[in-house]
Amino acid sequence: MLLAFLLASLLAQDSSSVGRSPNAAIRRQPRTIAIDDAFAERAHLKVGDRVSISVAPGMAGDIVVVGAIVKRGADPSEVARGDLRVRMHLDQLQAVAGYGDRVDRFAISTTPAADIPRLIDRINGVAFGFQAYRSRDIAVETSRTFQVVSRFHRAIGIITIVASSVFLLCIMVLKVEERRRDIAALRLMGISRATVMRAIVIEAALVAVLGSALGVAIGWAISLVVNWHYQALYQTPLAFSIVTAPTIAFAVSLSLLLGITAGVMASLRLVRTPPLALFGR
């Protein structure tokens, strides 16, 4: 009697579960998707909003709920593409893309102790058509454009440094020439050539350091404006302009070197000239 009761209850449970269909019960609740913050801002969406996913605009699709808004990463290769990302369940993606059980690419996470070359060879040997790459190699290939831009900026920097050094030398020569009489008076008072030359070089170094400080301040301000504009334009947290400590140290050191060189070259001509000749006699 007890066995018959248990068997009847199990049959009743199976029939009720078949009638309800677990998949149908799941479909009662809309599934969730995740969108990036650029998509959310452009479409004015927020968590909890319902949207329709379809193969083409205007077609009937599945109703889903925005379950999360993902912040976009700082990937240089995706800056100019303007893609809007949606993360959905695999079966939803297969239905929308029409790919079935196919993928274009997939990523494999490895441990630090993994033998990467051996793993790449094993993946490439699985079947014809597989091609595995290191993430580092892919980053290099996708950053070719940025490397060209970096070289272009480096060339502009070298030209600017050469032009500024010539300009600084001309300023120092003109400045020292205007002080011919002062230098002549110092020489007639018994001040040695080395002391006069040292004073001119120190003054040139101070001018170079002050110019460097002003240049760093202007560069930092321009960097903030550039990042503010392009981050808003491309809706990315990527930093387009960075003022780093090594860059500042290199700029100040180079400016100081050029300033001292310009001061030495400008003062050599005057200290070698007799004091009376500097007076025009």
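## Accessibility and the model

A residue is called buried when its relative accessible area is under 20%, exposed when it is over 50%, and partly exposed in between, with a 1.4 Å probe and protein chains only. At 7% relative accessibility, Gln92 therefore counts as buried.

The structure is a predicted model, in which local features need pLDDT of at least 70 and side-chain atom pairs count only at pLDDT 80 or more, while totals for chains, interfaces and linings use all residues. Residues are numbered from 1 along each chain as its sequence is written, and side-chain values use heavy atoms, with hydrogens and water left out.

Helices (H or I, at least four residues) and strands (E, at least two) are DSSP runs, numbered from the N terminus. Gln92 belongs to helix α4, residues 90-97. From Gln92 to Asp62 the C-alpha distance is 8.7 Å, although the two are 30 residues apart in sequence.

In helix α5 (residues 116-124), the buried residues are Ile116, Ile120 and Ile123. They lie on the same side of α5 because they cover an arc of only 65° around the axis, the arc being that of the directions from the helix axis to the C-beta atoms. An α-helix has 3.6 residues a turn, so residues three or four places apart point the same way. Arg118, Asp121 and Arg122 are exposed residues on the face of α5 turned away from its buried side.

## The loop between α3 and β2

His44 lies in the loop between α3 (37-43) and β2 (50-53). Its phi is near 55°, a positive value in a residue other than glycine. Most residues other than glycine have a negative phi. His44 counts as exposed, at 70% relative accessibility.

Lys46 is in the loop between α3 and β2 as well, and is exposed with a relative accessible area of 54%.

## Nonpolar cores

A nonpolar core is a set of buried Ala, Val, Leu, Ile, Met, Phe, Trp, Tyr and Cys residues joined through side-chain atoms within 4.5 Å. The largest has eleven residues, among them Leu168, Met172, Ile200 and Leu270. The elements giving two or more residues to this core are α7, α9 and α10, and α10 gives the most, with four. A second, separate core of six residues includes Ile35, Ala40, Val64 and Val66.

## The second largest pocket

A pocket is an open set of points on a 1 Å grid over the protein atoms alone, where a 1.4 Å probe fits, with protein on both sides within 12 Å along at least five of seven lines; lining residues have an atom within 4 Å of a point. The second largest pocket has a volume of about 1,400 Å³, a volume being the space filled by probe spheres set on the points. Of its 34 lining residues, the closest to the centre are Gly157, Thr160, Ile161, Thr247 and Ala251.

Two or more lining residues come from each of α7 (144-177), α9 (193-234) and α10 (245-271), and α7 gives the most, with twelve.

## An aromatic pair

Rings of Phe, Tyr and Trp (its six-membered ring) pair if their centres lie within 6.5 Å; planes under 30 degrees apart count as stacked, over 60 as edge-to-face and the rest as tilted. The count is one aromatic pair. Tyr230 and Phe240 form this tilted pair, 5.5 Å centre to centre with 40° between the planes. Tyr230 is in helix α9 and Phe240 in the loop between α9 and α10. Tyr230 is partly exposed at 34% relative accessibility, and Phe240 is partly exposed at 32%.
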